[in-house]
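Here's a quick briefing to read alongside the structure.

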Amino acid sequence: MSDKGTIQSSMVETRKFPPPPEFSRAAHISSIADYEKLHKRSIDDPEGFWREVAEGCHWFTPFDKVVEWEAPFAKWFVGGKTNMSYNCLDLQIERGRGDHTAVLFEGEPGDVRKLTYNNLRDEVCRFANALKKLGVKKGDVVTIYMPMVPELMIAMLACARIGAPHSIIFGGFSASAIADRVHDSNSQIIITADGGWRRGSVVPLKQNVDDAVAKCPTVQNVVVLKRCENDVSWNDGRDHWWGDLVADESDVCDPEHCDSEDLLFILYTSGTTGKPKGIMHTTGGYMVYTGYTAKMVFDLKPDDIYWCTADIGWVTGHSYITYGPLQNGVTVMMYEGAPNHPDWGRFWDMVARHKATIFYTAPTAIRAFMRQGDDIPDGHDLTSLRLLGSVGEPINPEAWMWYQKHIGGEKCPIVDTWWQTETGGIMITPLPGAMTLLPGTATCPFFGIDAAVVDEQGVEQPANSGGFLVVRKPWPSMLRGIYGDMERYQEQYWSQLDGIYFTSDACRRDDDGNFWLMGRVDDVINISGHRIGTAEVESALVSHAAVAEAAVVGIPHDIKGQALAAFVALKADRSASDEIKRELLAHVVKEIGAIARPETIRLTDALPKTRSGKIMRRLLKELASTGEVKGDTTTLEDFNVIANLRESDEG
Ligand code: PRX
């Protein structure tokens, strides 16, 4: 299960923040008693509970069974036919929200665009018709590699409308990473843009796609949105301008009647091997769960202006920019660029100008803002905010307190939401009108979630003992598999404890039952709230001609939470130099993307190994984090290796 030994937790936090009474009074769930009652019902009678929730959605054909569970395979809302884009758009329009702003977009250069629910449906239908004309059919995987502009949301909703699963690749990934994902998903079409704005420069998205497609002969069509007007090379026949494609298309497109278990999307995420996993999410369960969690966790009300700063290329953007909030008919803010462009006041200026009411971001961003000084947020009118959220990694109490004071004006609850790409939606979280908050805990499981902290045998741990976080019952938005690799699905998530979902996170519960997340127990590193598998970075390094062996470990980082430290043994005929270090760092960026760039890289003759030849990452981690090795070296094969590593300079 893990070679990390006993999990210990020493953090004690006693500051408590009960929900503000005026917030509770108006909240969907307004007391801990209500939460407990509903949570108990959801666990005792999951079918009855989820049936009621699902009946709030639109179904072309009603489902005849709530759940079928043959561990580890789940089917939810069996027999039901529905359409995600219909629920996000048409249903909202039927409910009278047609002229309400659905998307409030701001580009990095400052351009602002608003689309009502009517406008958004029109655009989605036009693009859906264009996709059909290009030959995209139900079940075909459509790759999307776009900047954070409304067309990204339009593209994903258009795929959902015609039943074509999307595979969205974050715009920071490199051409090689695109090629791997396109190849794995057998995708024949890529939707991209000429470029996207980032810190005043153009990210050459089309160029990256061209480089990727050179390695993917199966790709037949590339759709290109004009965003930055930068020069692009063109392949007639294969490449199509978005604007030309939609020009004559009708704004009516009948939604495909999708089976509840039809694939809605694939989203690649890092695991413990060198190959990213295509996490599969299907239609009905994911729809019901994201719509309902968005409503309850963010306490959504019709006039909310909701801003989640994630990129749609990550699961947070899928579930809580597009699908969850739109099913609730609110206004979703969307921002294209960097938080510090043109300066560190950008987010606060946007909150003030657009009167955002809910703001959801990652601890890494909060820490970066903290470092810039209090006067920046304090100089903006943030009084429109009523609720804050955090996601992606544990939030340290210092950052929590700063967020609460300087962004929330000491009046906004903070929902610290724990979940994963695999879980599809928020799993452990405060309900803001009900829970007393303590900085640093994600508090309690959401309705229907049977979470527990257990030891290696699956025995539930007493309060305040660390263990593994698991989920003991299926839930509607759980992943349905790994694309093309169901064996890995079973092994990765269900083999440690039979029939129980293993999260790979360490956790403890306190005396009041709050869950305190303590980070991953596998070799997945959480950098700025984004997952990178050390094995992926190692395999990128080893693919460089000069490298014999590489080991990559996670180290603590003030802003990013964690960063990567690389140890590289060069081939015998190559000698160490600053130049080769630079070359290796650039190689990782080229193979994966800038987020995978190691913070430090040490060149060495050999890596420390056990007698059986396993690289001792534990020692490397200690060395990279503390500068020395005190830990147990009894199985180390060659002690000189550590001495040499200590001497090898860092860079
Ligand atoms: O370790 C947990 C951490 O992020 C991992 C999931 O990463 P990803 O699939 O990229 O999804 C991130 C956004 C949902 C988890 O295994 N994590 C996420 N949220 C929290 C967290 N750790 C502590 N507290 C959180 N609120």
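Lys-133 is exposed, with a relative accessible area of 65% (exposed means over 50%, buried under 20%, and partly exposed in between, using a 1.4 Å probe and protein chains only). Its salt-bridge partner, Glu-249, meets it at 2.9 Å, N to O, and is buried at 14% relative accessibility. Keep in mind that this is a predicted model, where local features need pLDDT of at least 70 and side-chain atom pairs count only at pLDDT 80 or more, while totals for chains, interfaces and linings use all residues. Residues are numbered from 1 along each chain as its sequence is written, and side-chain values use heavy atoms, with hydrogens and water left out.

**Salt bridges**

- A search of the whole structure turns up 41 salt bridges, each being a side-chain nitrogen of Lys or Arg within 4 Å of a carboxyl oxygen of Asp or Glu.
- Lys-133 sits in helix H5 (residues 117-133) and Glu-249 in the loop between helix H9 (242-246) and strand S13 (258-259), so their bridge ties together parts that are 116 residues apart in sequence.
- Helices (H or I, at least four residues) and strands (E, at least two) are DSSP runs, numbered from the N terminus.
- Arg-509 and Glu-460 also meet in a salt bridge, at 4.0 Å from N to O.
- That pair links distant parts of the chain, 49 residues apart: Arg-509 is in strand S24 (residues 501-509), and Glu-460 is in the loop between strand S21 (451-454) and strand S22 (467-471).
- Arg-509 is partly exposed at 25%, and Glu-460 is partly exposed at 38%.
- Asp-522 and Arg-520 form a salt bridge too, with their closest N and O atoms 2.7 Å apart.
- Asp-522 counts as buried at 15%, while Arg-520 is partly exposed at 21%.
- Salt bridges with shared partners join Asp-450, Glu-460, Arg-472, Lys-473 and Arg-509 into one network.

- Which residues of S19 are buried on each side? Leu-387, Gly-389 and Val-391 are buried on one side, and Leu-388 and Ser-390 on the other.
- In a regular strand, side chains alternate between the two faces of the sheet.
- S19 (residues 387-391) pairs with strand S18 (residues 358-361) in the parallel sense over four bridges; two strands pair if DSSP finds at least two bridges between them.
- Phe-359 has Leu-388 in S19 as its bridge partner.
- Strand S20 (residues 414-417) pairs with S19 in the parallel sense over four bridges, and there Gly-389 stands opposite Val-415.
- S19, helix H15 (residues 397-407) and S20 make a right-handed β-α-β unit; right-handed means that, with the strands pointing away from the viewer, the path from the first strand over the helix to the second runs clockwise.
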